[in-house]
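Thank you all for coming; please have the sequence and the model open while I talk.

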Amino acid sequence: MPPESKTEPPPDDESALASVGPSKVDALYSKCAEAPQGTFFIQRELASMQIAESTGQLLALLQELTDRHLMKSLELHDGQPCWVLRTREEAEKLRQMSADERLLYQMIDDAQNDGVWSKALRARAGLTPQRTNKVLKALESKGLVKAITNVKVPNKKMYLLKDLEPSPEIAGGPWQTDGEYDLALIHAVSNLVEKYVREKTWKQVPVGMNRLPQDIEENPRMHSVPRNMSIQLYPSAKSILRYITEGQFIKEKRITEGYMEELLDMMTLDGRLEKMSATTYRTARDSSFGMNGFVEAPCGTCPVFDLCGNEGEITASTCAYFTEWIDARAEDR
Amino acid sequence: MPPLQRDPPILQELCILLVNDQYGELASKVFSVLCRTGRSTLAALARASYLTGKQIKHGLVTLIQQHLIFHYAADPRVTFYEIDWQQAYSLLRYGRMASMIEHRYGKKASNILLNLVTFGHASVADLNNAYFPPPDTDSDNESEDGEANGSTLPKAAAYVANHSLHSLTNGDGPMTNSGSKTNGAKKENTFLPNNNVANSSVNNKAKRVSDTNASHDHEMADAEEDENNIRTIAELHELIHLLMLNGWIVRVNAAHYLSPGDTHEIARQEILEEEYHGNMPTGTKDKDNLVGQVARRKRRIRDEALAAPHCQSRKRKREDRELDRSSKRLKTMGVDQWTPRNHPGPQDDETLVVRVNMEKLSVAMRTEHLVRLVEKRLSKVTAKIYEAMLWTLEYNQPRCYEPWPDPYVRPDPAAATYVDPSLLITAKDIVKILSRHLDLCEGLDPEAVLEVVPGHRIEEKGNIAPPIKPFDIPFKQRLQLIEKHIWQLSFDPFNFVTWHSSLNGKCTEWHIEYDKIAKTMIQREVDNTIGTRADKLGVKLVRALKKKGRLDEMEMGEAMMMNPNDIRAIVSDLAMKGFVQTQEIPKVDRRESKLSWHLAWFDLQRTREKLLHDTYKGMVRLMQRLAFEKEQVKELLAKAERSDVVGNEDKYLSPGEREALKRFQGVEEALWVQLGREDELVAILRDFVGPFVSV
């Protein structure tokens, strides 16, 4: 539950501010740094560290840290303010920024892994396009932000913090790399899935399994029969995903059930899988396309079918494809 | 029927070719004039063509006898004529119908059908005479009576021709003989593709082929033909009765001559007179009511016309179903021969006039397609079981869908689950039909088999040891095995059967949602076509669009997990071919392509109509090519058909000529086979489910 946006810094307490000493600021910072990086601190937690003497002082300390860019104040989803630490290097970089740079950086930072569209940045900051570009370039060269493409809208340039992974919304999840579908990966995984599901749902038995095996039949002809189980037990996104993760077939990428479902849906469109119930799948026994009377005849695949008439240059009697087809049939006989 | 009336001229072209092929030039000329003018009177026809009144009358009589046109005289002085598209197209299907009937009831029954087709319609007395000519006609006819299509038909036709008022049918000179000859050949051909369905018919086919080959070789064929002879009038009547009970042939009724438009008018007028005192209702509710009432009345008119006349005693009905069951068993098992029962045949009214019912054929074709589909998707034995279920249910299905349904009302949930009990089926119903030699274990998971039949084990390779003898499985276990197969049918994403109820102590009841399956079948054919005409990705795109509705490029990419750039080409290719539709919606006031959404979507109904149209066109081209090929060898064919040459080909034809003749026969067969295949596609696209609001 990442905090949504930045709040106004907590109200200043003039009287408390005076008693803030630099040592306390550092103490609070180092105390907080003991927690794992990226931890969110709420006020109650910070108070329990017993560094500030009063709530007013605590808030003053936090304000100081925020001003020095060592801390970032945010808001939890229920509206409660909270804070998160920045590293000292990061804070240093921020301190050295120009006002414009800082403005844009903070906007990008606020968006976290959702990223911000460059046009939106410009509009919100109220800068000219040239200025915006210049500032963003500067930020990029400092290694603070990076530009990525949005999979949904490829020509929208999005910015986000350098060390963040773009959210699946814009990066497109595990099946996409750099905004393009990773066809090789999809191909490999779908083959794995198909093999797994086939094994789970069909059984290879010899043709005529209920006859005395003939001596000659060393390797009897096999055919597949549906396995004896209820359709609720057929493979589902969950069980297929478990197979894929446990087999450690994919490194680096994490696939969630939702993405697995997406792949299975796509395979269903392909005709490789068939949906048996709301959640379960099986493979098609024979996913090849059949022929039908129309496409077997020469007209079915004729490139000039629409031009062919009763009279004119293209007719049934002058048709070269027909001659070919008839000759082929004659050879078959 | 309504959808066909909207059909574009391509169907007209096809039908004219078919009529020309079967009934000769004059009939087809008149037919084409009528196609052009639409519903018209004799005088209008004469004005619209160069034919003389006499010629037109001759043509019309042929067409009426064959039920290819409707006629209606609202005012007794003027009669209006109108094309019956359904029937005209069905000319292509007579051969298929014969083979279906042969598959179900044996060769004798199919022979009756072929006779009936030759006549168009005939009275029972005519059929009696055709099979058992009265002694005063040529006596040596009798020995050849039962001989397959080729020779019986012209003879029978000739006989009827002498005795019926419609002598013109066959009196039109050149077409008579050659017409029925191609007729016979075609039947063989259209029959061919069916055979890969049922193995049992493979033998039959072989038999048939050898039959035709050896038809001059009497010694060879005699024994076989003897079995296929109808020996007594009682047997003939019994077969007619059987076919009527199952709805394959129906009594000719005045309503059969009414075009859909006339039927509608008559029904509407009647309802207006009866319910609304001759005034058009004004309120919206009343108008809606009227639509429903008219549909109901039309159904009543039709059902009265179709009612089998012999069902006076309800008690016999059950028994008669048994009659056809036994013949089903015969065909599935191919073990013992069907023999006529001893109970007295129905007292057939000799004046009863009967015709074939093409609607029933659609039902049978649907069965065949479904069985083939199951065989591909599950297994052969499961398909056999499904076939038995479908055959049993066919009895209560005169047609695939109701062309005049009640206006749609939101079904209340309680009624939505109601299924006509005559369309429910249990494993018990079919266990008797299935051959006891059919190995029910095949096609099931061996573990599932052992759950039912204990005391066996599964070997390493997957064999069951020791093997279970299919013949010795007790009744109860057979039932359970069959149910296992049926469950597989219901699990399949096609939902071949749907679970209805399992009451305590009773077998599980199933029903089949034909309409839904039919739509899936249409989708499948569309997929097949796209898969061949475009590629696999095209099919994937269509499926994605079908599932998600209108999508822009990005969304298509997401659904297919592909990069949008790769999809663009597929979309435009499919849009060109008419399988998907595209749409551009401007986001701003200006119509700039950059500032627009580019959407694509798929409409099954539209694609279905387009594909049907293309298929008709493909069929027309096949017929045209056939005519062209025939033209190439015209002189040779004329020579080969000469009476002195027939039977002495080796003597009178040079080796080159024989070779050319053989080649032509091959070409002819290939083209007819292909026509049959395209006809199967037409059936799926057009006949199994009514025009529906696209889903």
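Predicted model: local features only at pLDDT ≥ 70, side-chain atom pairs only at ≥ 80, totals over all residues.

Which domains does the domain assignment of chain B give? Chain B has domain 1 (1-83), domain 2 (90-247 + 310-356), domain 3 (362-512), domain 4 (516-602) and domain 5 (607-687), with bounds that come from an automatic or database domain assignment. Residues are numbered from 1 along each chain as its sequence is written, and chains are lettered from A and ligands numbered from 1 in the order in which they are written.

Staying with chain B, the C-alpha centres of domain 4 and domain 5 of chain B are 38 Å apart. Their contact draws eight residues from domain 4 of chain B and seven residues from domain 5 of chain B, where two residues are in contact if their C-beta atoms, placed from the backbone, lie within 7 Å.

Chain A, for its part, is divided into domain 1 (14-90), domain 2 (97-172), domain 3 (180-209 + 220-283) and domain 4 (293-332), and the C-alpha centres of domain 2 and domain 3 of chain A lie 40 Å apart.

Turning to the two chains together, 49 residues of chain A are in contact with 56 residues of chain B. Among the elements of chain A that give two or more residues to this side are α12 (257-270) and α14 (320-332); helices (H or I, at least four residues) and strands (E, at least two) are DSSP runs, numbered from the N terminus.

Within chain A there is also an open sheet of three strands, in the order β4-β6-β5 with antiparallel pairing, where two strands pair if DSSP finds at least two bridges between them. Because β4 (116-117) and β5 (145-149) of chain A stand at the edges with a single partner strand each, one side of each is left without a neighbour in the sheet. Two bridges join β4(A) to β6 (residues 157-161) of chain A, and A:W117 stands opposite A:M158 in β6(A).
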